[in-house]
Amino acid sequence: MKSTRPAHQPWLIRVLVAVLSATLLVPNTVSAMSGPAAPLAPAPAPLAPARAPSAQVGNSTSGRYVVLLDDAPLAAYAGGIADLAATDPQVTGARKLDASSTASRAYLGWLSDRQSAAKSAINAALGRNVETVFTYRIVLNGFALDMSHSEATAVAGLPGVQGVIADYTLHPVTDAGPEWIGAPSIWDGTGTGGPDPSKGEGVVVGIIDTGINHDHPSFAAVGGY
């Protein structure tokens with residue numbers, strides 16, 4: 001994904017850390033949680049004035065764009081809005097985020113109203129009803145929309161929009177990977193501290209997040225390994 005490099009904001013830093021450390025991205029799930037209804041949230045504040053996009057919006061190969069909004073997501077809301085208590089664990093002192101708490105449900109309701117206002121503004125600006133593919137409120141505040149590049153560029157300048165990120169596909173290139181991580185010295189035994197090469201036998205390998213095609217020739221057995 002290409003970032004539009006939106007203006008630096010402290011809550012966005014905390015959001016990125018949370019994504020990397022906890023993989024907490026949970027679209028469209030909180031509304032289905034059981035429990036008592038959340039108290040009525042205060043009326044949403046007016047959206048900010050329109051502004052020019054902070055950077056060019058990248059081209060999406062899928063036609064999908066993630067629209068990030070200015071308001072803090074649930075995991076990074078530090079308070080400051082009347083009648084809405086902070087939900088950021090770094091502020092509340094909680095061990096972890098509780099998305100089903102009374103405070104969380106109240107803030108999520110407020111965010112939902114803000115997002116509805118933003119979507120209405122987007123529809124009005126583009127002259128059509130744009131399909132919302134995913135909605136994010138926990139770690140990110142925004143939604144994924146199917147749009148053309150010109151529409152995404154227009155959305156990037158709308159009130160309350162922090163940035164628009166294009167979705168596109170990247171293909172991992174593994175040819176040089178073994179050399180980068182020093183694998184040849186493991187395979188030939190010079191880097192293992194022992195007399196015989198191991199070719200990595202007995203090593204536990206962890207695969208992080210990118211997904212894997214186990215039928216790819218890169219994973220074919222070579223010489224028994």
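Okay, thanks everyone. Before anything else: what you're looking at is a predicted model, so please keep that in mind throughout.

Let's start with the overall picture. The protein chain has 6 helices and 4 strands. If you walk along from the N terminus, the elements come as α-β-α-α-β-β-α-β-α-α. Of the 225 residues in the chain, 32% are buried. The accessible surface is about 13,600 Å², and carbon and sulfur atoms account for 58% of that. On contacts: take those in the chain with a separation of 6 or more, and 69% of them are between residues 24 or more positions apart.

Now the sheet. What order do the strands take? They go E2-E3-E1-E4, in an open sheet of 4 strands with antiparallel pairing. Strand E2, at 132-136, and strand E4, at 161-166, are the edges, and each of them pairs on one side only. From one strand to the next, the twist averages 20 degrees.

Let me go through the pairings, beginning at the E2 side. E2 and E3 are antiparallel, with 4 bridges between them, and a hairpin of 5 residues takes you from E2 to E3. If you want a landmark there, look for Phe134, which sits opposite Ala144 in E3. Next, E3 and E1 are joined by 5 bridges, again running antiparallel. And then E1, residues 64-69, pairs with E4 in the antiparallel sense, over 5 bridges.

H4 lies across E1 and E4, and runs at about 160 degrees to E4. Which residues of H4 are buried? Those are Glu151, Ala152, Val155 and Ala156. Looking down the axis of H4, the buried residues fall within an arc of 140 degrees, so they line one face of the helix.

Glu151 is in H4, which spans residues 149-156. Why do we call Glu151 buried? Because its relative accessibility is 16%, and the cut-off for buried is under 20%. Ignoring neighbours within four places in sequence, Glu151 has contacts with Leu126 and Arg128.

Last stop, the aromatics. How many aromatic pairs does the structure hold? There are 3. I'll show you two pairs. In one, the rings of Tyr77 and Tyr107 have centres 4.0 Å apart and planes at 5 degrees, so we call the pair stacked. Tyr77 is in the loop between E1 and helix H2, at 89-92, while Tyr107 is in helix H3, so this pair ties together parts that are 30 residues apart in sequence. Tyr77 counts as buried at 3% relative accessibility, and Tyr107 is buried too, with a relative accessible area of 1%.

The other pair is Tyr107 with Trp110: here the ring centres are 5.7 Å apart and the planes are at 20 degrees, so that pair is stacked as well. Both of these residues belong to helix H3, and they're 3 residues apart, about one turn of the helix. Trp110 is buried, with a relative accessible area of 3%.

Technical notes. Residues numbered from 1 in each chain as written. Predicted model: local features only at pLDDT ≥ 70, side-chain atom pairs only at ≥ 80, totals over all residues. Heavy atoms only, no water. Helix = DSSP H or I, 4+ residues; strand = E, 2+ residues; numbered from the N terminus. Buried < 20%, exposed > 50% of the residue type's maximum accessible area, 1.4 Å probe, protein only. Contact = heavy atoms within 4.5 Å. Areas by Shrake-Rupley, 256 points an atom, 1.4 Å probe, with all protein chains shown as cover. Pairing = 2+ DSSP bridges. Axes fitted to C-alpha atoms, helices over the stretch in contact; angles between N-to-C directions. Phe/Tyr/Trp six-rings, centres within 6.5 Å; stacked < 30°, edge-to-face > 60°. Arc of directions from axis to C-beta.
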